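Hi,

Here is the structure I promised to pass on to you. Have a look at it first, and then read my notes below.

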Amino acid sequence: MTVLREIAAGVHVLRHPVLDVNATLVVGGEAALVVDTLSTAGQARQLLAAVRRVTPLPLQVVNTHHHFDHCFGNMVFTADDCPIWSQEEAAALVGPALRDRAVSNHPDLATDLAAVTPTPATRLVRTAIDLDLGDRPVQLRHYGRGHSIGDLVALIPDADVLVAGDLIEESGPPQFGDAYPLDWPDTVAALMAALTQQTQVVPGHGAVVTRRFVAAQHEQLAALAWLIREGDADGAPPERVAAKSPFPQEITLPAVHRGYLHLNQP
Ligand SMILES: [Zn+2]
């Protein structure tokens with residue numbers, strides 16, 4: 001059985017074994033919020049069943065970004081006009097092309113992914129929206145580009161929890177395939193301004209972390225951004241930049257390619 005673990009009063013995290021991805025439930029006085037909906041309809045039904053073992057309240061959904069493992073379960077949550085929130089750039093990317101890419105990149109999940117109807121958010125956020133779940137404010141914030149073009153975080157101030165999506169990753173290194181590696185450090189710095197020493201940060205994948213972990217990942221992201229700028233100025237091949245990176249070569253190479261591209265766009 002897929003189980004939600006309560007990390008703070010009324011804030012529960014489901015760490016799903018497939019891709020070690022997190023979904024978070026925030027329970028208010030009148031409504032509950034589900035942050036991210038996993039990869040497939042089957043996983044999302046497990047998530048919804050786990051949510052219903054905790055609360056009967058009407059639901060809202062937030063997607064932290066457009067990647068399939070965070071939003072392809074949306075179709076299971078569309079009953080009863082459940083509002084689905086995301087950053088507007090992220091919503092624009094949720095469609096059949098995204099599904100086809102997920103199918104070809106993840107052969108182990110291909111059958112289930114091919115059956116998904118990609119369901120974009122119905123409520124769009126540009127930079128900031130405040131929700132009230134009934135005596136429980138939740139702040140949705142887009143601090144800028146980073147892991148993707150449309151990363152959105154959810155802050156629950158009264159529980160001192162921040163749900164970061166893939167802007168922060170615990171169980172593996174950050175992923176740069178759709179990233180903005182030169183912007184990412186500034187985005188995490190803005191996120192850090194919302195943290196206390198005690199804030200629990202739910203990463204996109206892996207265990208819940210603290211500000212200290214976020215600060216360390218920020219240092220690594222900043223170091224990589226600097227290496228990319230330096231490499232571009234020197235005309236260095238991406239492999240030479242990757243050799244100095246704090247992240248593994250296969251993680252770093254796409255970051256360097258994207259960084260060079262962004263530095264040389266007209
Ligand atoms: Zn992602």
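Two strands count as paired if DSSP finds at least two bridges between them. Strands (E, at least two residues) and helices (H or I, at least four) are DSSP runs, numbered from the N terminus. Before the tour, a word on the ground rules: this is a predicted model, where local features need pLDDT of at least 70 and side-chain atom pairs count only at pLDDT 80 or more, while totals for chains, interfaces and linings use all residues. Residues are numbered from 1 along each chain as its sequence is written, and side-chain values use heavy atoms, with hydrogens and water left out.

**The sheets**

With that in hand, look for an open sheet of five strands, in the order β8-β9-β10-β11-β12 and with mixed pairing. At its edges are β8 (128-132) and β12 (200-203), each of which pairs on one side only. From one strand to the next, the twist averages 20° (axes are lines fitted to C-alpha atoms, for helices over the stretch in contact, and angles run from 0 to 180 degrees between N-to-C directions). Inside this sheet, β10 and β11 run antiparallel and are joined by three bridges; I156 has V161 in β11 as its bridge partner.

There is also an open sheet of seven strands, again with mixed pairing, ordered β1-β2-β3-β4-β5-β6-β7. β1 (5-8) and β7 are the edge strands with a single partner each, so one side of each has no neighbour in the sheet. Here the twist averages 25° from one strand to the next. Helix α1 (residues 41-54) packs on this sheet and touches β2 (11-16), β3, β4 and β5, its direction making about 150° with that of β2. Contact here means heavy atoms within 4.5 Å.

Some pairs to click on:
- β3 (residues 21-27) and β4 (residues 32-35) run antiparallel, joined by four bridges, and V27 has A32 in β4 as its bridge partner.
- β5 and β6 (residues 84-87) pair in the parallel sense over two bridges, with V61 opposite I84 in β6.
- β6 and β7 (residues 123-125) are also parallel, over three bridges; L124 in β7 is the bridge partner of S86.

**The zinc ion**

Which residues coordinate the zinc ion? They are H65 (NE2), H67 (ND1), H147 (NE2) and D166 (OD), at 2.1 to 2.2 Å. Donors are N, O and S atoms within 2.8 Å of the metal (3.2 Å for Na, K and Ca), and water is not among the atoms, so sites may look incomplete. H65 sits in the loop between β5 (59-62) and α2 (68-71), and D166 in the loop between β11 (161-165) and α6 (184-192), so the pair ties together parts that are 101 residues apart in sequence. Both H65 and D166 are buried (buried means under 20% relative accessible area, exposed over 50%, partly exposed in between, with a 1.4 Å probe and protein chains only).

R145 is in the loop between β9 (137-141) and β10 (153-156). R145 is partly exposed, with a relative accessible area of 36%. Leaving aside neighbours within four places in sequence, R145 contacts D151, Y180, D183, W184 and T187.

Finally, find helix α9 (residues 249-263). Its buried residues include I251, L253 and Y260, and the buried residues of α9 pack against α7 (211-234) and α8 (238-244).

Enjoy exploring!
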